[in-house]
Structure formats: C-alpha cells, structure tokens
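Subject: Model handover and findings

Hello,

Here is the structure for your files. My notes on what was found in it follow below.

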Amino acid sequence: MPFARLSAATTPTAHIGLGLAAVGRPGYINLGREQDLPSVRSVDALRERTHELLDAAYAQGVRYFDVARSYGRSEEFLAEWLNARPDIDDIVVGSKWGYTYTAGWSTDAERHEVKDHSVQSYERQRAETAALLGDRLDLYQIHSVTPDSPALTDKELHAKLAEAAAQGTTIGFSTSGPAQADAIRAALAVTVDGEPLFRTVQSTYNVLETSAAPALAEAHDAGLTVIVKEGMANGRLVAPYAPDALKDVAAETSLGCDAVALALVLRQPWAGVVLSGAATVNQLASNLHAAVVDLDEDQLARLATLAEEPHTYWERRGQLPWH
C-alpha cells in the first residue's frame with residue numbers, strides 16, 4: 001500500500017492531502033472563487049497557481065496529492081510539477097476515472113462533466129492517465145460511486161481493476177450523494193477471486209454531512225485507507241459563509257473556520273487522509289493549522305448540532321452554481 005509512506009511521516013500535516021479540483025479547471029462549485037482565482041483563468045494562470053500550491057504543500061509536509069480525469073488539466077499540471085522534481089519520491093498520487101471533463105475550459109458550459117463507469121470508459125481514461133502520470137500514479141479510484149453504479153456489479157470491470165492491482169496500482173473508489181453509506185458497504189463486498197478489490201475509499205464528510213461515518217469506520221476496520229473529501233463543504237464552512245456556531249468555536253481557538261472544520265474531520269479515528277481543496281497559498285496555510293487545533297467536549301457538542309439531513313445537504317450542494 002503506498003499509504004504506508006504516510007504512516008512513517010512524522011510531520012502532523014502528512015495526513016492532510018491537497019486536492020486539485022478547484023484549480024485544475026476554470027469553473028467549479030466552490031463558493032468564493034471570484035476572490036480566490038485570477039481574474040483571467042487561462043491555462044497558464046491556473047498551471048502557475050497549481051504549481052505554487054504544490055510547492056507550498058510539499059514544503060509544509062503534505063504528501064498526498066489528489067487529481068481526476070474530470071478536474072480539467074489537473075493531471076497534466078501535477079505531472080509537469082512531478083517531472084520537474086524527479087528526486088521527490090515520498091509522496092502518494094491518486095487520480096480518478098469515471099467522469100469526462102466536457103466544459104472545454106469554460107465556466108458557463110451546459111455540462112461540465114459526464115459520468116460513465118463502463119469498462120470502455122475505464123480503459124480509455126486509464127490510458128490517458130498513464131500518458132500523463134506514468135509510474136507516478138499510486139492510486140486509481142472509481143469516481144463518485146453511488147449504490148446504483150454499474151461499477152459495483154460489472155465483473156469484467158472488476159477483473160480489469162484486479163489486473164491493474166496485480167501490476168502495482170492501488171484500486172479505490174470515491175462516493176457522493178445522500179446514500180454514501182450504502183455505496184461504501186456495497187463496495188466493501190466486491191471481491192475478485194475471493195480477495196477484496198478496493199483498498200481505499202474517498203467520501204464526503206464534514207460538519208454538515210456526517211452520515212457516512214459508520215460505514216467509513218467499517219471500511220477502516222476492513223483495512224481500507226479512508227480519504228475524506230469536501231471537508232469544507234464546497235466553501236460553506238469558510239468565513240463569511242460559515243454557520244455561527246463554527247464561527248464562535250473558531251474565535252475561541254484563534255484560528256480560522258476552515259482549520260476548525262478540518263480538525264473535526266482529522267480527529268475521527270478512521271480518517272487516514274483529509275483533503276484540503278485550497279485555491280490559494282494562504283488558504284492552504286490556514287487549512288494546515290487544522291493539525292494543531294484541539295477541540296474540547298463543549299465545542300464538539302456545539303459543532304455536532306450543525307449536521308444536516310443527507311438529502312438536504314446534497315440537494316443544497318446540487319444547487320451550487322459553477323463559478
């Protein structure tokens with residue numbers, strides 16, 4: 001498992017990863033992007049921003065980097081950064097397949113990505129990822145598995161993924177939607193020749209959306225590495241958008257709402273890697289303070305009151321505009 005590299009790390013930030021969804025393409029659903037990104041979001045501008053973030057993250061102890069075929073040119077930007085630094089050998093790189101980026105570097109496209117979990121999609125996108133990341137790819141994940149995804153039952157696909165695993169690529173999956181727990185449990189039951197297929201799971205968990213926690217604990221107990229995404233709820237937990245209870249706790253800790261929100265995730269015993277989706281170097285630095293936040297029982301109790309019903313949370317997420 002490539003994540004063994006992180007278990008040997010001594011820096012507290014080694015278990016915070018950097019996801020490039022927000023900077024690999026000009027449009028995304030995060031709040032506050034108007035202030036976070038350059039006014040002209042050219043390929044060169046976002047390449048430069050991505051490389052700045054990667055430099056800052058690595059310098060501050062971050063060792064997991066997360067991209068996807070649908071995150072615009074995120075794989076390309078990461079590959080360029082890695083190729084310029086061949087001596088870096090202590091990181092873990094994860095990507096995802098299953099969505100195709102269709103926005104053509106536009107922020108107002110009718111559709112920004114198209115989902116397809118077929119064998120044909122896997123083979124096409126695996127070749128595209130390999131052309132960019134080569135043997136630097138450690139983890140390949142099925143993107144946004146839901147309980148009705150054909151990826152859970154397609155035996156031909158499972159055989160292809162098991163073949164990749166036998167060649168050294170760790171195979172995982174990510175989840176989304178109000179039934180994340182059901183998708184996780186279904187994926188845990190997938191085997192090839194009697195052996196579990198998936199070794200990692202990446203799910204949404206944050207102050208507002210906690211419903212996947214029991215299933216993520218089960219995945220951890222089954223030996224999977226748990227990666228947590230959207231710890232900031234697509235910007236809803238960042239000042240000025242954060243709920244008052246989170247703002248109050250942040251004021252008490254003298255740190256940002258973002259650091260407190262991510263600290264709540266980091267303290268979960270099943271959380272292996274918690275992703276920062278920072279779009280600026282300052283945001284990243286603030287996010288990384290999560291590693292030193294110490295929350296008491298009263299603060300935890302107040303934050304627990306913010307959890308929403310899963311369908312409410314995901315409905316609101318689905319209404320966020322692509323900025």
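Which helices and strands each supply at least two residues of the lining of the largest pocket? They are α2 (33–36), β6, β12 (273–276), α11 (281–288) and α13. Helices (H or I, at least four residues) and strands (E, at least two) are DSSP runs, numbered from the N terminus.

This is a predicted model, in which local features need pLDDT of at least 70 and side-chain atom pairs count only at pLDDT 80 or more, while totals for chains, interfaces and linings use all residues. Residues are numbered from 1 along each chain as its sequence is written, and side-chain values use heavy atoms, with hydrogens and water left out.

The pocket

The largest pocket holds about 980 Å³ of space. A pocket here is an open set of points on a 1 Å grid over the protein atoms alone where a 1.4 Å probe fits, with protein on both sides within 12 Å along at least five of seven lines; lining residues have an atom within 4 Å of a point. The volume is the space filled by probe spheres set on the points, which are joined across faces, edges and corners. The lining has 48 residues, and Tyr 28, Ile 29, Asn 30, Glu 230 and Asn 234 lie nearest the centre.

Phi is positive in both, near 55° for Glu 230 and about 55° for Asn 234, and neither is a glycine. Both are buried (under 20% relative accessible area, 1.4 Å probe, protein chains only), Glu 230 at 14% and Asn 234 at 5%.

Helix α7

In α7 (residues 180–188), Gln 180, Ala 181, Ala 183, Ile 184 and Ala 187 are buried. Seen down the helix axis, they fall within an arc of 160° (taken from the directions from the axis to the C-beta atoms), so they line one face of α7. They pack (heavy atoms within 4.5 Å) against β6 (139–145), β7 (170–175), β10 (200–204), α8 (213–221) and α13 (310–318).

The core

Regards

Notes: Buried means under 20% relative accessible area, exposed over 50%, partly exposed in between (1.4 Å probe, protein chains only).
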